[in-house]
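Have the picture open while you read.

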Amino acid sequence: MKNILISLFSILFVFACSSVETVDVQETKTVDLTSSESDSESSMDSGSSMSELDIGEPHTKVFFDYDQDTLREDALSDLLAISRLMKENVRYTLLIEGHADERGTREYNLALSERRATAVENFLVASGVSSFNIEVVGYGEEKPVDVASNETAWAKNRRAELYFIK
Amino acid sequence: MIKWFSAFILSILVHALIFLIYSFLDSVQEETTDRKITNVSFIQPEKKDTDTKKTIDKKDTDTKKTTTKEEPIKEPEKKIIKDLDKYLVEEQEQEVFYKKLDKVEQISAQVIKDIESIWIRPNNIKKGMYAEFNLTIDRLGNIDNFDIKRSSGSDTFDRAAMNAIKKYKKIKYIKNVDEETYRIYFANFTLRFKPE
Amino acid sequence: MIRIFYLIFINLFLNSELILEITESANQPVKIAVLQKNDSSFKGQEIVNIISNDLKRTGEFEVLSSDQLLSIPSNESEVIQRDWLLLDVDSIVFIETKETNNSLDVNYSIFNVSYNDIEDKRRVLGLPDSIRQSSHYVSDGIYEFFFGIKGISATRLMYVTKNSDIYRLMVSDADGFNEQILLKSNKSIISPAWSSDAKDIAYVSFENNRAQVFTQNLESGKRELVLGSSSSVSSPAWSPNKKFLAFTSTMDGNSEIYLIELKTKKISRLTENSSIDTEPAWSTDGRKIIFTSDRAGSPQIYEIDIRTKIKRRLTTQGNYNARASYLNKNEIVFVHRGTENFNIAKLNLKTRDLDVLTSTQNDESPCIAPNGNVIIYATKDGSLSYLAGVNISSKVKFRLPALYGELKEPAWSPFLR
């Protein structure tokens with residue numbers, strides 16, 4: 001009887017005295033999009049014809065000033081040529097990719113690059129090209145042509161690339 | 001007899017005057033030091049507001065000296081000689097008094113600086129939070145005892161403050177101070193931890 | 001007679017009580033030693049090492065190594081106080097490890113050198129192979145004991161690495177160990193975000209050649225496309241109650257901020273103007289969102305009340321302020337450009353004090369630890385990108401170990417305990 005009481009008390013004592021923490025275990029799973037079978041992800045994507053595109057080099061590049069999305073004068077002749085081409089070939093689709101240099105935050109640069117691409121689109125539409133034939137996408141700072149951190153590299157990266165697809 | 005009596009009244013008046021001028025000047029002037037945190041606070045039992053922090057200003061000493069100097073000049077000739085003696089004695093005592101206060105301020109500033117270098121402040125500090133402790137010091141400066149007068153509300157904060165006091169162990173400057181100053185100011189005093 | 005009266009008078013006058021007020025601290029680190037108690041097993045030593053490194057990494061502890069000690073006690077009763085007082089040590093932590101077939105039991109005590117007595121005793125219980133995690137729990141317990149706020153050793157970091165055109169979304173322990181791959185892709189991954197229970201994440205993937213937001217469950221790996229659109233969808237941010245995702249999309253012509261209710265897929269729009277509105281971040285009570293907008297000409301931080309839709313501008317200094325998040329109720333942290341350099345800054349919304357926290361040049365992606373006391377960010381040293389950090393209370397700056405290498409977009413997990 002005494003023994004039972006003692007062990008009871010000691011158990012209570014142990015529980016009362018120590019502040020115990022139990023360690024949580026975290027499991028994680030890897031998703032690999034680079035292996036060929038896992039293209040089920042692209043089937044989730046209903047709005048684009050651009051998956052698995054290999055579009056090569058851009059037909060034209062248009063450059064922008066730092067923090068700017070307004071078209072520069074040196075771009076106008078190129079864009080007018082594009083505009084003529086598009087109006088002559090109604091079945092062409094133009095893809096405009098906007099880019100930004102690495103300075104500043106990623107998401108703001110993504111938005112800025114989209115605005116640059118949209119600026120090109122707006123110019124072309126204003127010149128008579130149908131917006132149905134134009135697709136616009138922004139890549140922010142994710143696809144630089146020059147990874148160096150200097151003015152030359154940055155100037156090269158602040159661009160919109162125009163591709164003819166189809 | 002009358003002379004003695006009037007001298008006595010005069011002496012009282014002079015002391016009262018000193019006291020009033022001192023308290024007036026004290027509430028008006030506040031010494032600004034380079035360090036943000038010299039805080040030596042004297043609680044006057046006569047004063048209702050016990051938490052005003054005042055620092056002793058050397059300027060007070062000078063103005064008081066000039067004030068006291070003026071008084072005797074108004075007196076009739078015979079009294080000047082006697083008063084001059086008393087005046088010199090009083091002046092000397094005052095000088096000693098202010099020297100002692102100076103010393104008290106010096107030691108206080110040093111103690112604050114020492115404790116600041118040991119105090120490890122926790123990171124969960126809320127605005128206005130503070131803790132107060134009563135310290136008992138022996139004649140050599142050893143911190144005999146301390147107990148908590150006012151908790152900050154946070155165990156961690158109280159503990160960090162007590163650790164600093166415990167680690168400090170001894171105020172070595174106390175042994176250079178005379179008995180009276182020790183007894184009046186340092187035998188028992190309050191330490192307040194109040195982060196800005 | 002006069003003298004006595006004078007003395008009495010002066011004594012009354014002098015019956016004053018001294019109050020000394022301590023208002024600052026020198027921000028000295030806590031000086032401690034971490035020792036094994038009684039046993040000296042290999043596992044026990046590894047645990048001691050992990051804890052020592054965790055505490056050192058906070059910048060708020062100075063952990064003495066055994067060769068710096070004058071004597072090494074194997075338990076509390078063997079402590080020779082004088083040897084520790086000489087070294088100015090504050091506390092000794094004794095770690096006792098007990099291993100059984102199905103548990104790892106770590107008991108630790110914090111011994112105060114000045115008092116020459118134990119101040120606290122705690123226990124962490126885990127599985128036999130959870131050495132690192134158990135050690136991190138102990139480190140956090142020790143940190144909380146001294147500093148009153150939770151430690152962050154037992155948290156995780158999520159980040160993106162790029163290696164020869166392969167992008168990987170990774171997660172690791174806060175100390176860089178236990179790296180695991182969450183997503184491997186040929187295309188860019190950006191803006192990873194943790195949900196408040198750390199069970200799900202959201203991120204932007206360019207796998208379909210444009211910005212799209214996916215959520216992914218960490219345990220099952222199950223992914224879900226949040227919004228199918230031919231426009232870009234990016235900048236995901238989970239609401240604190242996990243019911244909503246705030247995001248940016250150009251589906252209405254230009255970058256605007258929207259909310260999607262995850263259960264019903266119902267979308268509501270928060271911003272409506274021709275400027276760029278992006279980078280939403282929630283307040284902890286879920287009532288407000290701060291975001292970046294260039295409606296005033298350059299990117300600045302704004303705050304919107306979700307219910308009333310009333311917006312107000314928060315930043316006034318600098319010509320570029322972006323990627324803000326709440327540090328606490330009154331302070332925000334964001335990328336700030338005063339004139340030329342991008343730094344991480346902190347703004348107190350009440351006092352309007354702006355505190356620039358970093359002094360390097362191209363700082364971005366500030367990421368706040370869940371205890372609100374540490375910020376890490378991505379920066380560059382020449383062409384080398386690395387992660388650096390700053391401890392807000394001690395102001396100590398540090399660089400994350402090289403095992404992170406070239407990595408971007410750090411995201412700190414919430415507390416996992």
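This is a predicted model: local features need pLDDT of at least 70, side-chain atom pairs count only at pLDDT 80 or more; totals for chains, interfaces and linings use all residues.

Residues are numbered from 1 along each chain as its sequence is written, with chains lettered from A and ligands numbered from 1 in the order in which they are written.

The open sheet has 6 strands with mixed pairing, in the order β1(A)-β6(C)-β5(C)-β4(C)-β2(C)-β3(C). Strands are DSSP runs of E with at least two residues, helices are runs of H or I with at least four, and both are numbered from the N terminus; two strands pair if DSSP finds at least two bridges between them. β1 of chain A and β3 of chain C stand at the edges with a single partner strand each, so one side of each has no neighbour in the sheet.

| Edge strand | Residues |
|---|---|
| β1 of chain A | 20-22 |
| β3 of chain C | 61-64 |

Inside chain C, β5 (residues 104-112) and β6 (residues 117-126) pair in the antiparallel sense over 9 bridges. One bridge joins C:N112 to C:D117 in β6(C).

Now the domains: the assignment for chain C, automatic or from a database, gives domain 1 (30-147) and domain 2 (156-412). Their centres, taken over C-alpha atoms, are separated by 36 Å. The contact (C-beta atoms, placed from the backbone, within 7 Å) takes 8 residues from domain 1 of chain C and 8 residues from domain 2 of chain C.

Methods: Two residues are in contact if their C-beta atoms, placed from the backbone, lie within 7 Å.
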